[in-house]
Amino acid sequence: MTKDIIEIDNLVKKFGNFVAVDNISMRIKEGEIFGILGPNGAGKTTTINMLLGLIKATSGFIEVDGTDINKKPEIIKEKMGLMTQETVVDGDLTARQNLEIFAELYGMKGTEKEKAINRALEDAKLEEFGDEKAGSFSGGMQRRLNLVKSMIHSPKILVLDEPTTGLDVQNRVDMWDRIRRMNKNGITIILTTQYLEEADSLCNRIAVIDHGQIKALGTPAELKKTVSEGSVIDISLRFEDAENAARIIKQKLKLDCKVIADRISINAGREDIKTLTAVVSLLEKEKIKIIAASVHLPTLDDVFIKLTGGTIRDALGEQQSNASKVMWRR
Ligand SMILES: Nc1ncnc2c1ncn2[C@@H]1O[C@H](COP(=O)(O)OP(=O)(O)OP(=O)(O)O)[C@@H](O)[C@H]1O
Ligand SMILES: [Mg+2]
């Protein structure tokens, strides 16, 4: 059996009276890609910052490779690399100089340092740009430089805080490939994300967090199974009809049904077509106009809807700092 490389027990972080991380416990296995999925302000960065010893936990325990980080903080530097949410490259320095600072921070010198920097530039496909100022690089190039910088000391565990937020599709796919390749080479990856598809496609297991708490933890398949053993039916209606339609469906057909703005989502189990037919005829009989209907296997979107009771916080007008995070709005 693979061992747990990270153990987090009853982790709490309070900022004054505000509880940003509320009693989180989880185990991360050696060799896996573990995702921490949650919307803005869920507590992802705060959790990661405690794991990396950047901020002190209010209470709780963290062990890295069997060592308590409070008792031996050096274990963090030794075993882990971090790519922060904000790209931290110094634009006035060249790519090579940026890497040098980091290599020296990890105590590298002479040929070892040179080798590590050349390897990093090659990994980032920046060999030809090593002596150019990082400030002149595109967003994708800066992110790649940031990634290889966090890998300069060849850590066993790599923590990536929202590695693809703000990247265009091409650079996002490139980042996914890089993450998969590093993982194939034996590196345990912990990443935070707001993107449901990213967590689904990359991660072996996912912890869904919201308001500082773990709402669910499992493989993408396990999480989806909690929504339905079979299919999910989505029916789009006029906004003003949705609540009423859900009430009637629950009452007359005894189905598990949730309202998400102008859409209702129904757990159809294994009887998808039969259920769809019954729902459509019921709504027609009740003279409720159906705008569109679809049957699909559960997605992580459905998981989140189930966990948050059918309403996604951002949909209710909570602050949305970045339009590209729109997936949480659906
Ligand atoms: N230093 C701090 N002082 C006070 N409150 C803080 C501090 N750092 C974080 N918070 C609050 O804790 C909560 C969790 O923040 P955190 O940055 O961990 O969220 P996140 O899940 O990383 O969100 P995002 O996707 O926006 O990066 C938020 O409500 C945030 O405002
Ligand atoms: Mg964050």
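## The sheet of β11 to β14

In this predicted model, four strands make up an open sheet, ordered β12-β13-β11-β14, with antiparallel pairing. The edge positions belong to β12 (257-260) and β14 (290-296); each has a single partner strand, so one side of each is left without a neighbour in the sheet. From one strand to the next, the twist averages 20°.

Within this sheet, strand β11 (residues 231-237) and strand β13 (residues 263-269) run antiparallel and are joined by six bridges. I233 has I266 in β13 as its bridge partner.

## The sheet of β1, β2, β4 and β5

Another open sheet consists of four strands in the order β2-β1-β4-β5, and its pairing is antiparallel. Here β2 and β5 (67-68) stand at the edges; because each has a single partner strand, one side of each is left without a neighbour in the sheet.

Strand β1 (residues 4-15) is linked to strand β4 (residues 59-64) by five bridges, and the two run antiparallel. The bridge partner of I6 in β4 is V64.

Which residues come nearest to ligand 1? Of the 13 residues around the ligand, these are F15, A20, K44, T45 and T46.

Two elements, β2 (18-29) and α1 (44-51), each contribute at least two residues to the shell around ligand 1. The largest share, three residues, is supplied by α1. Sorted by class, the shell contains four nonpolar, eight polar and one charged residues.

Notes:
Residues are numbered from 1 along each chain as its sequence is written. Chains are lettered from A and ligands numbered from 1 in the order in which they are written. This is a predicted model: local features need pLDDT of at least 70, side-chain atom pairs count only at pLDDT 80 or more; totals for chains, interfaces and linings use all residues. Two strands pair if DSSP finds at least two bridges between them. Axes are lines fitted to C-alpha atoms, for helices over the stretch in contact, and angles run from 0 to 180 degrees between N-to-C directions. A residue is near a molecule or strand if its C-beta atom, placed from the backbone, lies within 6 Å of it. Ala, Val, Leu, Ile, Met, Phe, Trp, Tyr, Cys and Pro count as nonpolar, Asp, Glu, Lys and Arg as charged, and the others, Gly among them, as polar.
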